[in-house]
Structures are given as C-alpha cells and as structure tokens.
Amino acid sequence: MSVRRPLPRWADVALLPLLNLALAMIVSGVVIALIGQNPFDAIRIMTYGAFGYGEGLGFTLHFATDFVFTGLAVAVAAHAGLFNIGAEGQAYIAGLGAIAVGLLLDHTHWLLVLPLAIAASAALGAAWAFIPGYLQAKRGSHIVITTIMFNFIASAIMVYLLNYVLKPMGVQEPSTANVMAAGKIPQLRQFLPFFGYAPLNMTIIFAILALIFVYVLIWHTKFGFAMRTMGHNPTASLYAGISNSKMIIIIMMISGALAGMVAVNEVLGVQARIVIDYTSGYGFVGIAVALMGRNHPVGIALAAILFGALYQGGLELQFEMPAINRDMIVVIQALVIMFTGAMEGLLRPGLENAFMIYKPRQKADAVARETVGTEG
Amino acid sequence: MSTSDSQSTPAQRPQRGAATDLAIELKGINKSFGPVRANRDINLKVRRGTIHGIVGENGAGKSTLMSILYGFYTADSGEIFVNGQLAHITDSRHALRLGIGMVHQHFMLVDNFSILENVILGAEESALLASSLAKARGELKRLAADYSLDVDPDAIVQDVSVGQQQRVEILKALYRGADVLILDEPTGVLTPEEADDLFRVLHVLRDQGKTVILITHKLREIMAITDSVSVMRQGLMVGTMPTAETSPEKLAELMVGRRVLLRVDKGPAHPGKTLLEVKNLVVADDLKVVRVKGVSFTVRAGEIVGIAGVAGNGQSELLESIAGMRDQNSGDVVLNGNVLSLEGDDGAARARLAGLAHVPEDRQRMGLVTQFEEWENNILGYQDEKAYGAGLILDIPVARKQAEERMKKFDVRPPNSRLKTSSFSGGNQQKIVLAREMEHDPKVLVVGQPTRGVDIGAIEFIHNQIIKMRDAGKAILLVSVELDEIRSLSDRILVMFDGHIVGEADPAVATEGELGLMMAGIASKEAAE
C-alpha cells in the first residue's frame with residue numbers, strides 16, 4: 001500500500017515544471033551534441049533569440065498569445081473533467097468567423113472589426129466544440145475521441161472551402177482573399193518600434209483579459225463552482241442538482257470560444273487571410289501549456305511564454321546554426337512538450353520522496369488520512 | 001520468504017513440543033507511518049480454540065495490527081509467535097502456510113466460477129484442473145461435514161446468497177489449512193438470520209479447535225459470540241478481558257475513552273400532517289434492472305420512518321430517486337402536497353427547492369467533493385442561492401463565514417473551513433454533510449446510512465441531531481442497513497425486500513427476529529401462500 005504524499009504547492013507549481021524543463025534541456029543538449037554542435041551555444045542563441053531583443057521578444061509574445069488561448073481552452077475543459085483535444089480544429093474553423101468580419105468590414109475601422117471579429121471567431125469555435133459536447137452529453141460519445149476526429153473534419157472542411165469556395169479568382173494558392181485595410185488588427189510595432197517586424201498585435205490584450213476572465217470564472221463564480229464540482233466528482237454534481245449534460249455542452253462551448261481567439265491573432269493580426277493549416281499545431285501545444293501550467297491562468301501565462309520562446313528561439317537557432325535544421329527544432333520542441341506535458345509526472349515520485357525526508361509532518365498527515373479511509 | 005522463518009532457533013525449540021495453549025501471541029508490536037504510531041507496543045494473546053474479538057474505533061489500529069499478522073505489513077519492532085514459535089511473517093502466502101487465514105470484508109471471489117473452482121483458485125496443485133477439482137471436491141465434503149458448512153460445490157457464486165458467499169470465503173481459508181481465521185467485519189453484509197448462521201459456524205469451528213479472531217464495531221456481536229475481547233484505542237491496546245466479565249457500555253467507554261450513551265434518548269413522536277408521500281414508485285438501477293418495484297408509503301411531520309433491509313434490496317435506488325438523482329420509471333413523489341418533477345439530471349435541484357434535504361448513503365462518492373475546501377462543500381447543492389451572492393459571482397467571504405459557524409455548531413474538528421475535505425475524519429465529514437442539509441431548514445430530510453464508518457462518539461451526536469430534527473417537525477426518512485440504528489431511531493419501521501415494502505413494524509414491539517425474517521423475505525412469502 002503506498003501512501004499518497006502530496007507535494008507542497010510551490011514545489012508542485014514551480015519546482016516540478018522547472019525540473020521537467022531542465023530535463024528536457026539536458027536531453028535536447030545531448031541530441032544537439034550528437035550531431036556535432038555545441039549545446040551551450042544553442043541554448044544561448046535560443047535564449048537571445050527569444051528574449052534578447054525587441055523583435056525576438058515580439059515574436060515570442062505573439063506565439064505566447066496563441067498558446068494562452070489554446071492553453072486556457074484546454075484548462076477550462078480540464079477543470080470540468082473534460083479533455084478537449086480539439087482546440088486545433090476549433091481554432092481552424094474559427095478562422096472563418098475572423099476572416100468574414102475582416103473582409104466584410106474592411107472599409108470601416110479596426111475598432112469595430114476587433115470586437116466583432118472576436119465575437120465571430122468565438123462563436124464559430126464554440127459552435128465547432130458544441131457538436132462533440134452535445135454528443136458527449138446526450139449520446140455518451142467520448143469527448144477525447146470526438147474532438148480528435150473533429151480536428152480531421154475541420155481540416156478537411158477548410159481544405160475544401162479554401163480550394164473551391166473561398167479562393168479568389170486568379171489565385172493559385174488555396175487561401176482566402178486578403179484583408180487590405182481596416183480589417184487588419186493593428187500590430188503593436190506601429191506604436192512601439194521596439195518590436196521591429198514582430199507580428200505582435202492588439203490580440204495580446206485580449207489574451208490577458210482571457211486569463212483574468214478564466215481565473216474569475218473558475219474560482220469566483222457559481223458556474224465555476226458547479227464546473228469544478230463536476231470535474232472532481234460527477235456523482236456529487238448529480239447529487240447537487242447540477243445538470244452534467246448542460247454543463248458539458250456549455251463548458252465545451254466556452255473552451256471552443258477560447259480556442260477560436262487564435263483566429264483573431266493569426267488571421268487578422270498577421271496573415272490577413274486564411275492559409276492552409278494556419279493553426280500549425282497551436283491547439284496541441286495548448287495541451288502541454290495547460291498541463292505545465294497546472295490549469296491555472298498564472299501557470300498558463302508562464303508556460304505560454306516558455307513555449308512562445310521555444311518557437312521563436314527555435315526559428316532563430318535554425319537561422320544561426322545551419323546544421324540544426326527545421327526537423328531538429330521540432331525534435332527539441334517535442335522533447336519539451338514530452339517532458340513537461342506527457343511525462344510531467346516522471347519526477348514526481350522521486351521529488352515526493354525527497355520531500356518526505358525533510359518534511360515528516362506531511363507524511364504523517366498523509367498516513368493519517370489513508371488509514372482513516374481504509375480502516376474498517 | 002526465507003526458510004529461517006518457519007524454523008525456530010534452538011533457543012525457542014523447546015516450546016514446540018510444549019504445546020502452548022496460545023495460537024497467536026504478539027509481543028511489543030510497533031508500527032509507525034512517519035510519526036504516526038498506528039500500533040504502539042501491542043501485546044495480544046489469543047488462546048487456541050477460542051473466539052477472540054477485537055474492537056476499536058476507526059483508526060484505532062485494528063486493521064494495521066491484523067495486516068501485520070497476515071503479512072501485509074511488517075512491524076517496525078516486536079515479535080509474533082504462532083503456536084509458540086517465533087515467526088517473521090513476510091506475506092500473506094507465508095501467513096497461510098503458518099495456518100493463518102483471513103476472510104475479508106469484501107469477498108475476493110470470481111462471480112462466474114463455481115464454488116468449487118473458487119475454493120481451489122490459487123491453490124491448484126497441477127496444471128491439469130481435473131485432478132485438483134476431484135481432490136478438492138472430496139476435501140470440501142469433509143470440511144462441510146466437520147464444520148457444518150454446507151454448500152453446493154457446483155453452484156455458481158453469483159447465484160448464491162451473500163451468506164453462502166461468505167461460507168465460500170471461510171472454506172477457502174480452511175481448504176488452505178487455516179487454523180486461525182481472521183474475520184474483518186463479517187456481518188456488515190448479512191441479514192440477522194445469516195449472521196446467526198455465521199455465528200453458529202464460528203462456534204463449530206471453535207469447538208473443533210480452530211481459533212477465530214473477529215474484528216467488528218458491533219458490540220452486540222462481541223457480547224454474543226466471543227470468549228474474550230481486546231479493545232484498541234489510538235494505536236494502543238487498552239484492555240483484554242473475558243467477554244463474560246464486561247458489558248457493551250464498558251467496552252464503548254474503553255473504545256472512546258469517555259462515557260458514551262449507547263441507547264438513543266428520545267421522547268414519543270408527535271406526528272403531524274403528511275409531508276412526504278411516495279406513490280407506486282418504480283425505479284431501475286444504472287443497468288436498467290428494476291430495483292424498486294412499486295413502493296408506496298408516507299412520512300408525516302415529526303416522525304422518523306426507518307427503512308430496514310439487507311443492502312441491495314432497492315433501498316439505495318429508492319433514496320436516490322426520491323432525492324431526484326435517479327429517474328423514475330413510474331410513480332410519484334409528493335412533497336407537502338406537490339408532486340415533484342424529478343426527471344432529468346438536475347432533478348436534485350428541484351427536490352431541494354421544494355424543501356427536501358438529502359444526506360446520501362455514500363458521503364464521499366455523492367455528498368462531498370473531497371478535493372474541495374470545507375466551505376465549498378458547505379454550499380454544495382445550494383450554490384445558486386441568493387445567500388451566496390446575488391448574481392453570477394460567488395460571495396466567498398459569506399460562504400466561509402457560514403461554514404465556520406456551522407462547523408462550530410456541529411462540532412466539526414478542526415473548525416477550519418479552508419482545510420481540504422479529505423483531511424477530515426469520516427465522522428467529521430458526515431457532520432459537514434449533516435450540517436449543510438439540516439441547517440437549511442428543510443421540510444423533509446432523507447438520510448441514508450447516517451453513521452456508516454463513523455466513530456461511536458460521533459454516532460451519538462448524529463443520532464441526537466436526527467431526533468432534534470424530528471422534534472422540530474421535520475419528516476424524516478431513514479435508510480440504514482444497521483438494524484440497531486433503525487430500531488432505536490425510527491418511530492415506524494418499513495422493511496424492504498427485493499424492491500418491495502414487505503412489512504411495517506412498530507419498533508417498540510417488533511423483535512429483531514421478526515424483522516430479520518421480513519428482511520429475508522420470508523414473512524412476505526408466507527403471507528403470499
């Protein structure tokens with residue numbers, strides 16, 4: 001019989017992720033050394049590339065904006081006990097809302113475009129998440145399976161639309177028409193030249209607002225209470241008279257809406273149109289961000305910046321060290337995702353044991369809890 | 001499993017022939033989990049050919065001690081003697097080889113195997129089953145004859161009664177050569193009649209020279225069948241005495257460390273108008289098997305109606321359905337004259353709104369979110385009320401303040417509303433649920449297993465609170481598998497068997513025997529014939 005020994009909170013939210021990150025860095029370093037490059041140079045280049053100068057920082061924060069949205073999408077669902085793997089597809093479909101507003105209101109003003117684009121993207125992201133939510137709530141189809149499938153469906157629909165419906169006449173590439181004027185969300189470099197050519201735009205403000213919104217929603221509203229009840233114990237929520245089926249649908253829609261915000265950042269903030277696969281896996285990175293950030297907005301903000309840095313630093317590395325190609329960058333990113341996301345619990349037992357040696361009081365509490373629970 | 005375990009050192013060898021009359025002797029057993037000392041310097045002597053009871057509250061260390069004897073844990077220090085020989089028991093197989101067998105509270109049987117197959121499971125002697133089965137069949141016959149443990153070796157386990165299944169567990173241990181049988185809360189799942197059967201079997205086992213160690217929290221059973229009894233409290237062995245020289249009151253006092261009132265003190269009921277009426281209720285379980293087969297009854301203001309029955313006869317489904325957690329196939333629940341609409345997965349909210357409070361049978365699975373802080377559980381089910389914030393935002397300071405007031409009133413310890421609910425003991429968790437449901441001033445209170453897994457001291461408090469609610473004019477429906485609890489709290493008793501109410505009894509006149517027959521469905525069959 002093993003006794004559960006919870007870590008102190010600071011170790012759980014700060015120390016463990018940092019150790020995981022360090023482990024990922026070490027393994028990445030070994031990989032870099034194996035192809036004959038200097039891992040310390042690589043780390044220096046990545047760090048400088050991500051944070052060392054204005055434009056690099058701008059790119060890092062731009063990527064982080066996407067990761068905040070997808071990370072929050074995963075976290076909100078996770079608090080309700082739902083594993084939304086469909087942020088990728090939800091963000092992809094939401095692009096249609098963003099581009100529609102951008103193109104239709106291209107002649108007006110960005111102050112009008114921004115809120116409407118957010119609303120439209122959120123609505124489409126929510127609508128796409130509604131279907132798996134409904135299927136789970138009313139038909140019992142497992143949300144993990146359906147959201148994975150809906151990523152493929154979203155991708156297929158978008159390819160079809162971009163090739164046959166939305167592609168303007170005379171354009172070879174499958175994409176929508178370009179937003180030319182007011183439909184573009186202003187980039188911060190227009191006001192702050194410090195950011196160089198970085199695509200960082202107004203959407204980051206909404207990412208910060210979304211972090212605050214999610215914090216309040218989860219811990220300070222009655223809805224958040226119901227949501228956490230269901231997430232921890234669906235039988236208790238039934239007992240409490242909370243309709244699990246309604247909750248599942250609503251929470252999936254909130255999750256999808258958050259994922260949909262990626263569209264505003266990417267479609268109207270940078271590319272001014274939808275191109276094939278513009279979401280480039282940001283939805284999946286959101287899972288790692290949420291895991292690493294312990295589903296808490298503060299953690300998600302930090303994890304999003306880390307992953308933003310990894311993306312931007314990776315691009316820089318590719319440029320500075322030609323021996324490290326695009327595939328190598330993917331390997332490094334994958335290692336970080338693996339160690340901080342999928343294998344996040346790898347060091348936990350060891351760390352818990354280490355803490356037990358120094359904190360016998362906690363062990364006593366844990367044992368007391370266990371024995372009370374099991375004695376007849 | 002080193003060989004030195006079963007062979008004693010020369011110094012101890014003389015005892016082997018000297019045939020001590022102690023089957024088990026524990027000397028100075030210590031077991032700590034960190035600084036928590038689960039067993040402190042425990043000495044215990046169990047004489048061969050006796051039934052020895054061990055009582056104690058939750059967390060007193062009984063299970064830890066038995067786990068050490070059965071090889072689940074190793075003691076930090078201390079010695080175990082089996083038949084006078086020092087033994088270092090390393091695991092349960094080793095314990096079995098020394099002749100120590102255990103019957104667990106939850107049976108470890110393969111439901112779709114025959115009794116014979118279950119008995120040899122894990123003790124097959126060759127790769128081919130046929131010879132083992134034939135040998136076991138003969139052995140089983142002999143055991144059945146010796147210990148009056150009749151079972152049909154070819155019956156499938158899932159088709160036989162719970163009492164029979166328990167016999168299979170005992171047979172399993174005997175088949176493996178057990179001389180000492182440890183039974184952990186063996187009567188929890190039995191009807192009174194089946195329990196009597198078990199006691200008869202235990203007596204036969206004892207008379208044939210086997211030794212029985214009985215762990216229980218039911219003092220009545222201790223008094224009825226044991227020869228001697230040991231009491232544990234907070235990891236200490238506080239006393240061992242011949243059963244004939246003690247009384248339930250004395251045992252309870254030893255267990256708790258203070259005087260405890262075992263009888264519930266209550267005045268006569270003054271029933272008022274009907275507050276809860278259940279009409280022809282039919283309810284199915286999660287597998288769509290109909291469990292409640294047309295049940296009707298009423299509960300009036302100021303009375304406690306107890307539903308007695310062996311676990312699994314539809315009481316749980318009945319309770320959940322009345323509380324709005326489980327859809328009804330047909331029938332009505334009428335509360336204070338209004339038919340409740342309970343369908344859908346938020347039926348519980350409408351039941352609450354109508355004035356029904358529900359203390360669920362399984363507090364950890366239903367009544368609490370154990371990961372929540374205490375104050376959050378204090379509003380569970382009532383979170384949407386204006387009192388906790390007028391709009392969408394939860395008024396956390398108000399909720400915390402109220403939680404701490406209730407914790408004081410219900411003596412929940414420690415009275416800290418910021419603690420995680422899982423860190424409270426069973427009794428305190430139950431008080432948290434009771435405080436929430438009772439303080440809400442409901443019209444009707446439905447209570448399931450109010451004292452399951454609760455310490456004796458807290459039981460007294462909980463029973464008094466339930467009586468208080470009755471005297472305040474609430475209609476109370478009580479479901480419990482503890483017949484004693486039903487008999488001492490209820491003003492009227494309904495007996496449930498196989499989804500039907502098979503009888504009503506007045507707790508003042510009904511004997512345990514009569515109730516037991518009804519619970520076993522025998523009275524109803526006779527009535528039908």
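The model is predicted, so local features need pLDDT of at least 70 and side-chain atom pairs count only at pLDDT 80 or more, while totals for chains, interfaces and linings use all residues. Residues are numbered from 1 along each chain as its sequence is written, and chains are lettered from A and ligands numbered from 1 in the order in which they are written.

Let's start where the chains meet.

The largest nonpolar core holds 262 residues, of which A:Val68, A:Leu72, A:Phe307 and B:Val495 touch the most other members. Such a core is a set of buried Ala, Val, Leu, Ile, Met, Phe, Trp, Tyr and Cys residues joined through C-beta atoms within 7 Å. Buried means that 20 or more other C-beta atoms, placed from the backbone, lie within 10 Å of a residue's own; 12 or fewer is exposed, and in between is partly exposed. Helix α10(A) gives the most to this core, with 16 residues. Leaving aside neighbours within four places in sequence, A:Val68 is in contact with A:Ala207, A:Ala210, A:Leu211, A:Ile300, A:Ala301 and A:Ala304.

Helix α10 (residues 244-271) of chain A also has a partner in α8 (residues 222-232): their axes come within 11 Å and cross at roughly 110 degrees. Axes are lines fitted to C-alpha atoms, for helices over the stretch in contact, with angles from 0 to 180 degrees between N-to-C directions. The two helices are therefore roughly perpendicular; that label covers 65 to 115 degrees, with under 35 roughly parallel, over 145 roughly antiparallel and the rest oblique. A:Ala226, A:Met227 and A:Met230 in α8(A) meet A:Asn244, A:Met247 and A:Ile251 in α10(A).

The loop between α10 and α11 (282-292) of chain A contains A:Ala272, with a positive phi near 60 degrees. A:Asp277 sits in that loop between α10 and α11, with phi near 55 degrees. A:Ala272 is buried, with 20 other C-beta atoms within 10 Å, whereas A:Asp277 is partly exposed, with 13.

Over in chain B, helix α5 (residues 129-147) has 19 residues and reaches 26 Å from first to last C-alpha, close to the 27 Å expected; the expected span is 1.5 Å times one less than the number of residues. B:Ala136 lies in this helix α5 and counts as buried, with 22 C-beta neighbours inside 10 Å. Finally, a cis peptide bond joins B:Arg413 and B:Pro414, with omega about -10 degrees.

Technical notes. Helices (H or I, at least four residues) and strands (E, at least two) are DSSP runs, numbered from the N terminus. Two residues are in contact if their C-beta atoms, placed from the backbone, lie within 7 Å.
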